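Hello,

Here is the structure we talked about. My notes follow below it.

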Amino acid sequence: MEQGKQEQNCVQGVGCNVHNCRYNDTSCKSCTAKHISVQNTAAMKKGETFCDTFTPKTSC
């Protein structure tokens with residue numbers, strides 16, 4: 001494991017293709033957040049929902 005990098009476990013069955021999200025593990029293309037929240041209570045179509053757990057990666 002690289003120094004300064006924490007080991008993360010991929011959430012089984014929760015894929016993520018957002019490269020700029022801090023919870024995206026590109027090695028398994030999955031979400032590593034402990035839980036996710038999908039928002040838009042008025043959604044009628046898949047495209048009207050969004051991942052409220054999204055947090056941009058920082059450059060630190």
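**Confidence and ground rules**

The protein has a mean pLDDT of 83, and 80% of its residues reach 70 or more. pLDDT is the predictor's confidence in each residue, from 0 to 100. This is a predicted model: local features need pLDDT of at least 70, side-chain atom pairs count only at pLDDT 80 or more, and totals for chains, interfaces and linings use all residues. Residues are numbered from 1 along each chain as its sequence is written, and side-chain values use heavy atoms, with hydrogens and water left out.

Watch the start of the chain. Over residues 1-7, pLDDT stays under 50. The model has two contacts (heavy atoms within 4.5 Å) for residues 1-7 beyond four places in sequence. Where pLDDT is low, the predicted coordinates should not be read in detail.

**Fold**

The protein has zero helices and four strands. Both are DSSP runs, numbered from the N terminus: helices are H or I, at least four residues, and strands are E, at least two. The order from the N terminus is β-β-β-β. Of the 60 residues, 15% are buried. Buried means under 20% relative accessible area, exposed over 50%, and partly exposed in between (1.4 Å probe, protein chains only).

**Cysteines**

How many disulfides does the rule give? The count is zero. A disulfide here is a pair of cysteine sulfur atoms within 2.5 Å. For Cys16, the closest cysteine sulfur is in Cys21, 5.2 Å away, so that pair is too far apart for a bond. For Cys31, the closest is in Cys16, at 6.0 Å, again too far for a bond. Cys16 is buried, at 14% relative accessible area. Cys31 is buried too, at 7%.

**Gly15**

Gly15 sits in the segment before β1 (24-25). Is Gly15 buried or exposed? Gly15 counts as exposed, at 60% relative accessibility. Leaving out residues up to four places away in sequence, Gly15 touches Lys29 and Ser30. Its C-alpha is 9.4 Å from that of Asp25, ten residues apart along the chain.

**Second largest pocket**

The lining of the second largest pocket has 13 residues. Val14, Gly15, Cys16, Val18 and Cys51 lie nearest its centre. By class, the lining has eleven nonpolar, two polar and no charged residues.

Best wishes

Methods:
1 Å grid on protein atoms, 1.4 Å probe; cavity = no way out; pocket = protein on both sides within 12 Å on 5 of 7 lines; lining within 4 Å. Nonpolar A, V, L, I, M, F, W, Y, C, P; charged D, E, K, R; others polar.
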